[in-house]
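This briefing covers the surroundings of the ligands and the domain layout of the chain. The points are grouped by topic after the structure.

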Amino acid sequence: KRDPKFSELTQEHVDFFKKTLSDESAVIDGLSKDATDDIEPFNRDWMKKFRGRTKIVLKPKNAEEVSKILKYCNDNMLAVVPQGGNSGLVGGSVPVFDEVVINLTRMNKIRGFDDVSGILVADAGVIMEVADNYLKEHGHVYPLDLGAKGSAQIGGNVAANAGGLRFLRYGSLHGNVLGLEVVLPDGTIVDDLSKLRKNNTGYDLKQLFIGAEGTIGIITGVSLQTPQRAKAVNVAYFGLESYEKVQKAFKEAKMRLGEILSAFELMDAESQKFVHNKTQMKRPLEGEYPFYCLVETSGSNGEHDNEKLEAFLEHVMGEEIVTDGVVAQDDTQIAELWSWREGITEAIGHNGGTYKYDLSIPIKDLYQLVEDTRERLNSKNLIGDNKTALGVVGFGHMGDANLHLNIPVRQYDKEVEEALEPWVYEWIQKRNGSISAEHGLGIVKKKYIGYSKSPVMIELMKQIKQLYDPKGIMMPYKYI
Ligand code: FAD
Ligand code: MLT
Ligand code: ZN
């Protein structure tokens with residue numbers, strides 16, 4: 001239910017926003033005209049699962065503008081949703097009712113880069129791919145990579161604490177972010193754009209905003225440690241007969257590829273079937289296997305890396321850990337092999353909808369959940385030809401013990417949902433896993449947080465929310 005404590009948007013509010021934001025196009029005004037078509041993309045999430053009813057979208061250009069409009073919203077009890085590239089997968093980036101959308105797209109400037117330290121300072125609205133292309137020219141790499149890199153923004157990455165495909169190598173944003181510029185709900189600009197790697201001067205407050213999903217403030221600037229770009233990149237794609245063998249292959253990859261290993265991704269047969277059906281691409285391997293892995297190495301010496309990769313391949317194939325495999329010969333083939341992994345989300349999503357679970361699970365049990373889910377939906381007669389669920393798909397960031405369990409459906413359906421929830425979360429709780437490894441809580445997981453966090457921790461989180469956002473205008477109805 002919409003919380004009546006929040007004001008409804010009036011002409012007076014709209015006039016203030018228009019006066020405050022420098023540019024006409026910075027306000028999409030749903031009060032003055034029928035702006036349904038213009039506003040629709042900001043009300044709709046990537047999965048087309050959630051739809052808000054905002055009447056206004058604001059696109060500030062700098063932290064000062066964010067400060068003025070946020071203070072005004074706080075003073076006038078207007079609820080707010082910060083929005084980046086709107087690629088989030090937990091319904092966080094769109095309003096639930098008529099919250100004001102503050103979209104960061106126009107904050108898109110690179111503020112500076114130091115090619116000795118590798119530290120990048122940028123506006124929050126810079127798109128990941130734009131940042132990475134800029135860094136490429138300077139011999140560096142954006143430390144995060146994910147399928148939505150063409151739309152997701154740096155600020156959205158930080159707000160969601162996104163993980164992605166190279167987490168295994170470059171680690172968490174909790175380590176890579178050195179400083180933030182943030183606007184609090186009362187309009188205070190917190191300038192903590194530190195460029196220091198080491199800085200032990202009290203509580204590390206920026207950490208609270210990493211993964212806060214916009215609940216306690218709006219990130220307007222980010223200072224980020226970026227690694228040197230690898231000169232030599234190799235990608236191999238394997239077929240394997242069992243999950244036991246996948247685990248063995250991962251262990252061998254860590255042992256034999258060590259410091260050059262930059263991704264170890266898992267795809268099951270079902271996931272590759274969906275990609276194949278959607279794209280009709282020629283499969284990378286002749287035969288079909290229950291499991292596939294994508295292994296990437298990134299190093300500074302091509303010859304040395306090839307030698308290592310060959311020794312690794314020889315070993316895993318000789319020991320029959322891997323049944324068949326292919327190594328990309330050039331950049332086009334590298335991109336092709338990656339598309340079998342990165343294309344899964346879209347391939348399974350275009351049938352109607354997908355129930356998505358993004359989970360951390362102790363690695364030995366990781367795939368068991370996919371099998372248990374198949375069995376459960378089968379026993380309830382909910383899966384297969386002419387049934388609502390089209391399959392049970394398992395893939396993910398094996399190197400980080402992060403499974404993506406996805407159930408594509410013809411349409412979202414109560415019966416399927418009730419078979420899955422809270423059953424999946426109970427399964428995770430029993431194994432001390434996490435109900436959200438990298439996508440966050442948003443609206444999807446709000447009511448399930450108790451499966452991964454204790455009542456004491458939830459209470460502490462509520463106290464932090466109360467401290468930073470005492471009027472509760474930021475992201476009501478979501479997170480906790
Ligand atoms: P949005 O979706 O716009 O917002 C995400 C959340 O952050 C919302 O709660 C929003 O309110 C808040 N927010 C956004 N910007 C700000 C800001 N400046 N200040 C404060 N709050 C803000 N995620 C992964 O972790 N790993 C993956 O591998 C991955 N792959 C993906 C692949 C595809 C095809 C898609 C569609 C999504 C994928 N995602 C993945 C999810 C998503 O792309 C990431 O969470 C991304 O970081 C979101 O960035 P965004 O700019 O689109 O943020
Ligand atoms: C991925 O790893 O591909 C993303 O997290 C997207 C998804 O889970 O669908
Ligand atoms: Zn992922």
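By class, the shell around ligand 1 consists of 15 nonpolar, 20 polar and two charged residues. The model is predicted. In total, 37 residues surround ligand 1, and both domain 1 (11-105) and domain 2 (110-225) contribute at least three residues to its shell.

**Ligand 1**
- At least two residues of the shell come from each of β3 (80-83), α5 (154-160) and β9 (218-225).
- The largest share of the shell around ligand 1 belongs to α5, with five residues.

**Ligand 2**
- The residues that surround ligand 2 are G147, T345, K356, D358 and H404.
- Three residues in the shell around ligand 2 are polar and two are charged, while no nonpolar residue is present.

**Domain layout**
- The chain is divided into four parts: domain 1 (11-105), domain 2 (110-225), domain 3 (232-344) and domain 4 (351-439).
- Between the C-alpha centres of domain 2 and domain 4 there is a separation of 31 Å.

**Contact of domain 2 with domain 4**
- On the domain 2 side, four residues are in contact with six residues of domain 4.
- The side of domain 2 that touches domain 4 has three nonpolar residues and one polar residue, with no charged residues.

Conventions
Residues numbered from 1 in each chain as written. Chains lettered and ligands numbered in written order. Predicted model: local features only at pLDDT ≥ 70, side-chain atom pairs only at ≥ 80, totals over all residues. Near = placed C-beta within 6 Å. Helix = DSSP H or I, 4+ residues; strand = E, 2+ residues; numbered from the N terminus. Nonpolar A, V, L, I, M, F, W, Y, C, P; charged D, E, K, R; others polar. Domains from an automatic or database assignment. Contact = placed C-beta atoms within 7 Å.
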